[in-house]
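Colleague: Could you take me through one part of this model up close, and then show me how a few other places are built? I'd be glad of a connected account.

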Amino acid sequence: MCGITGFFGKGTEQDLRRMNATLARRGPDSEGYFSDPARGIFLGMRRLAIIDVAGGAQPLFNEDGSIAVMLNGEIYNYRQLREHLEGKHTFKTHSDTETIAHLYEEEREAFVEGLEGMFGLAIWDGRAKKLVIARDRFGEKPIYYAQTPGAFVFGSEMKAVLEHPAVSRDMDRTALAAYLRHEYIPAPATIFSSVKKLPAGHIMTVASDDVKIRRYWDIATASTDPTLPSSEDALTKELDTRLSSAVKKMLVSDVPLGVFLSGGIDSSTVAWYAQQHSTRKINTFSIGFEDASFDESGHAAKAAARMGTEHTTTMFSDAELLSLLPDLYTYLDEPMADPSLLPTTLLSRSARRKVTVALGGDGADELFLGYSTFQAEKLAQWYGHIPRVVQRRIIRPVIDALPSSSRYLSFDYRLKRFVRHADETGAERHSAWIGAFPPEEMSLLLADSPTALPALSARTVEDFYLTSYLPDDILVKADRASMYEGLETRAPFLDPSLAAFIYSLPPSYKLRGFKTKYLLKKLMRPRLGRDITDRKKHGFQPPISRWLHEDLTPLIREHLNAEKLKRDGIFNPAYVTRLIAEHQTGTADHRKELWTLLVFHLWKQHWMP
């Protein structure tokens, strides 16, 4: 795991070193540079050494040095690729990065289709005088870029791109509206109008002023396999085979490795297979909280004991979680309001004391329809048959009058969000359920006339989670939290072969009635026990609602007071003041809305003072 950055065009070596310095947390072990000022190419990287610790320093080259490669991530099938290349090429290291140089030499831009892994990579092709940049299929590793009149600039994080003098910091108001709606900014946009994200599964080539971007992988196309079995038992066996293979390939590491373990079915499945492929006890890690309604550490300890792992539980107080503010949100170079970033960072900190790599269960909820919103979707189909006048004049007023609770995803909170957005459709409904401000509230919130947001482009609800929520929220959170602590994380459920298989399953093998992850639970129930596989999904959220009543009051007063909001001229002070008053008096639960606003101002304080 590393951080990469660079530019093609105008700039200096000092610009490159300043850009590279912003990525020090991503790569605490070493740094590397490649530059050819005559051709205007400058590349830099920071390294977290995982594979070939002694010999894998980057950049790495082909035999004559005409191709230079820098990689952020891991290529899990590099050994198999190397076997096919060794007869044609001479290898100087045992690094996965060098394999890419020779593979590109053989296949040019088609090389990316043979890579299995998580990556954001850059290749300088000196003969063709072009820069090639690619991002992995699901977007586990980030790539940001800016096209300026004098230079093409890129980096693993936006902060590196912003250090180039040609890149401006003008805020994109449409992206701001998208953030307020989703709690994150969907690709390719970023909060700054001059910077874009390379979407997951895409590759780009840059030659002088010519920039081309194409999608090289799509899960729907990859999932059309006519040879898959049709019986439930055969599909269960196939799932077992592919899960085992996915976890096994991600255990490759030359440094200590462990597993994040929450005690739920996703992380427990990963830990179970990891232990099966290990000759010694694997390290598993969980954290616990003071508030019992948010604490899963007991379930994780039980799962670890059942599997026989070497388990570590670290308890954190509210004060320790809150101590991450505002530094963590200063580290984020664009606002993202997923509050599970806080505990994920502390979990990464705890794991980093013993290991350098940690596997987790990310991706399973999106692939197996594991979120409660998929259950709510079924309820919405029934609810839609009730006359609208009854919904709006009888049902919704009764539900809105329920007293608010600050407990984790309390029943009243979920019910209110359900009826509030049940009459929307498809991905728009799910975006409203899990987001902060629905479009109809933008005119109340924003001081200027709100920019109309484009309709969500997802083909299905499932695609919304896989192509927007997963890469732009869940995987961003995992990447930034782990990189903040210098830890590499891996997601076996996002192995392309496994993910394509799960995606291709009929919906009833994922959500049967109101039972989520049907086939996964059937496979793992005999191994993990019903108390783990059938336990209600919990999530990884801190007690934001309660904090907004108590601990966060000083920050609310500092950043969301009417005078400051009026000075900034972005949000309507009267509307925000109303949200705060309703939340703190308990007449409404505005945890998502207020947290989203607070995170934006913590971000803005540093990046747009």
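Modeller: Happy to! Let's begin with serine 297, which lies in helix H9, spanning residues 297-307; helices here are DSSP runs of H or I with at least four residues, strands are E runs of at least two, and both are numbered from the N terminus. Please keep in mind that this is a predicted model, where local features need pLDDT of at least 70, side-chain atom pairs count only at pLDDT 80 or more, and totals for chains, interfaces and linings use all residues. Residues are numbered from 1 along each chain as its sequence is written, and side-chain values use heavy atoms, with hydrogens and water left out.

Serine 297 has a relative accessible area of 9%, so it counts as buried (under 20%; exposed is over 50%, partly exposed in between, with a 1.4 Å probe and protein chains only). Leaving aside residues up to four places away in sequence, serine 297 touches Ser286, Ile287, Gly288, Thr313 and Met315, a contact being heavy atoms within 4.5 Å.

Further along, proline 326 sits in the loop between helix H10 (318-322) and helix H11 (327-331). Proline 326 is partly exposed, at 30% relative accessibility.

Strand E1 (residues 2-9) and strand E3 (residues 41-47) run antiparallel and are joined by seven bridges. Within that pairing, threonine 5 has glycine 44 of E3 as its bridge partner.

Notes:
Two strands pair if DSSP finds at least two bridges between them.
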